[in-house]
Amino acid sequence: MDAFEDTARRLREAFSSGRTRPATFRMAQLEGLGRFLRENKQQLQDALAQDLRKSAFESEVSEIAMSQGEVDLALRSLRAWMKDQKVPKNLATQLDSAFIRKEPFGLVLIIAPWNYPLNLTLVPLVGAIAAGNCVVLKPSEISKSIEKILAEVLPRYLDQNCFAVALGGPEETARLLEHRFDYIFFTGSPRVGKIVMAAAAKHLTPITLELGGKNPCYVDDNCDPQTVANRLAWFRYFNTGQTCVAPDYVLCSPEMQERLVPALQNAITRFYGEDPQNSPNLGRIISQKHFKRLQGLLRCGRIAIGGQSDENNLYIAPTVLVDVQETEQVMQEEIFGPILPLLTVRSLDEAIDFINRREKPLALYAFSNNSQVVKQVLARTSSGGFCGNDGFMHMTLASLPFGGVGASGMGSYHGKFSFDTFSHHRACLLRRPGMEKINDFRYPPYSPRNLRV
Ligand code: NAD
């Protein structure tokens, strides 16, 4: 028997007792989560700074405020989300009551990565609580400071018979996955996503996979290069490029490349100063392993901007690569760091072919002053999400589902989509016990008379 066995039994008993089902219980837990965020804000910011040297601004907008926003939305909307959803009926069920009931799955496992270690743990947790589940949270072992707060402080704000935090890396998570869960929500790499999916298959456990990949960004000739460069630099170097929806590479004409490089240099200097290593607004690479990997990618193409690195400090400068070949390593893996390759194409059609030859990305971006160009990219490609003329702003809307397609994942969440993801949609029909006469036509022995009714 492993250590988790006891926790699983405690949580399952709590779920079976029905205590997580009433709206009042769910709201009390969500309020607890909100208090956790408010009362520990400074500690959370410090932990994010320790793990990723995240600036207070980036910690606030992309981690703390976003999690708080999801808590507040769930608190405001919970009763409406929980309502049975009436559905249209056919002739034979006119007198009955037909509806979809959103019921909790039971025991849910949430596995999170290190790059937004708070947001990607707590935002799914909001959905799982709102839907009435018991939850085991498995934060990333790599973002250690946040992992510690989640393990030591968060449980004080939640009912510990219903919610638990499991710690550990690949080995411990693999052991955890041997247990039976009723739903698994995984955010991380496609490689580990396959391991999680295989483990879930053993128990036929439904899953959501929020994965990564290479997000393309098409820049049309009909653009203001400085506006594009400001937006591109902001969302490529935000969180030091360690963002699943960051633009992974740019496709543009050779002429646009010529104009984009100085504009990107302007934006980088404006955002991070002459020496970005001294900027308080640029974070650091999470670990030595990722630092080494990114250093290797700096050898691809030709460095047009940046390229400096400092291992002692896990620093990699905001970098732009040009003359990159499709076959080079930087185009073979998700970059997940502050490196932006520009690849040249001769036309919109060539860019679209390039995108469609690859796995479906989590996000896709297109910049043009001509809305028809943006609409063409949208219509002729597929991706988890899409944003025209900007970077990841689409994912700041809780009214849009956030998730991948194909190799970038399956399922989605945020706002009500989270509630729906963590709920089983139970098809219900309540019939009357009487009026048996009207059922006569369906009973054997069958004759042409049955069909005439
Ligand atoms: P990862 O897949 O290495 O790890 C994610 C989680 O899985 C961690 O909690 C880790 O402990 C666990 N894990 C690692 N190896 C395991 C194994 N062999 N067996 C079982 N569990 C294991 O991902 P990461 O490096 O933490 O995060 C980066 C990746 O996550 C990138 O690919 C990125 O695109 C993706 N990501 C996706 C989203 C999204 O919303 N779609 C968001 C953030 C990050």
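**Notebook: loops, helices and the ligand**

I began with His-414, which I found in the loop between β17 and α14 (415–421); helices here are DSSP runs of H or I with at least four residues, strands are runs of E with at least two, and both are numbered from the N terminus. The model is a predicted one, so local features were taken only at pLDDT of at least 70 and side-chain atom pairs only at pLDDT 80 or more, while totals for chains, interfaces and linings use all residues. Residues are numbered from 1 along each chain as its sequence is written, and side-chain values use heavy atoms, with hydrogens and water left out.

**Entry 1, backbone angles**

I noted that phi of His-414 is near 95°, a positive value in a residue that is not glycine. Is His-414 buried or exposed? His-414 counts as buried because its relative accessibility is 1%, where buried means under 20% relative accessible area, exposed over 50%, and partly exposed in between, with a 1.4 Å probe and protein chains only.

I then turned to Thr-240, another residue other than glycine with a positive phi, here about 55°. Thr-240 sits in the loop between α9 (225–237) and β9, and with a relative accessible area of 1% it is buried.

The peptide bond leading from Pro-444 to Pro-445 is cis, with omega near 0°. The loop between β18 and α15 also holds Glu-436, which is partly exposed at 42% relative accessibility. The side chain of Glu-436 makes a polar contact of 2.8 Å with the side chain of Tyr-443; a polar contact is a pair of N or O atoms within 3.5 Å, where within protein one atom must be able to donate a hydrogen and the other to accept it, and residues adjacent in sequence count only if both atoms are side-chain atoms.

I located Glu-63 in helix α4 (residues 56–82). Glu-63 is buried, its relative accessible area being 0%. What does its side chain meet there? The side chain of Glu-63 makes a polar contact with the side chain of Lys-54 at 2.6 Å, and a polar atom of the Glu-63 side chain also lies 3.1 Å from the backbone nitrogen of Leu-118. Leaving out residues up to four places away in sequence, Glu-63 touches several others, among them Leu-48, Asn-115, Tyr-116 and Asn-119, contact being heavy atoms within 4.5 Å.

Ser-408 I found in the loop between β16 (385–388) and β17 (409–410), and at 0% relative accessibility Ser-408 counts as buried. A polar atom of the Ser-408 side chain is 3.2 Å from the backbone oxygen of Lys-360. Beyond its neighbours within four places in sequence, the contacts of Ser-408 include Leu-209, Glu-210, Leu-211 and Gly-212, as well as Pro-361 and Leu-362.

In helix α12 (residues 348–356) I listed Leu-348, Ala-351, Ile-352, Phe-354 and Ile-355 as buried. These residues lie on the same side of α12, because they cover an arc of only 155° around the axis, the arc being that of the directions from the helix axis to the C-beta atoms. The cover over the buried residues of α12 includes β8 (216–219), β9 (249–252), β14 (339–344), β15 (363–367) and α13 (371–380).

Which residues come nearest to the ligand? Of the 26 residues around the ligand, these are Ala-112, Glu-141, Ser-189, Leu-211 and Glu-334, where a residue is near if one of its heavy atoms lies within 4 Å. I sorted the shell into 15 nonpolar, 7 polar and 4 charged residues, with Ala, Val, Leu, Ile, Met, Phe, Trp, Tyr, Cys and Pro as nonpolar, Asp, Glu, Lys and Arg as charged, and the others, Gly among them, as polar. At least two residues of the shell come from each of α7 (170–176), β6 (183–187) and α8 (190–202).

For oxygen atoms of the ligand, I noted a polar side-chain atom of Glu-141 at 2.6 Å, an N or O atom of the Lys-138 side chain at 2.9 Å, and one in the side chain of Ser-189 at 2.7 Å. The ligand taken alone exposes 840 Å², and the protein buries 92% of that, by the Shrake-Rupley method with a 1.4 Å probe.
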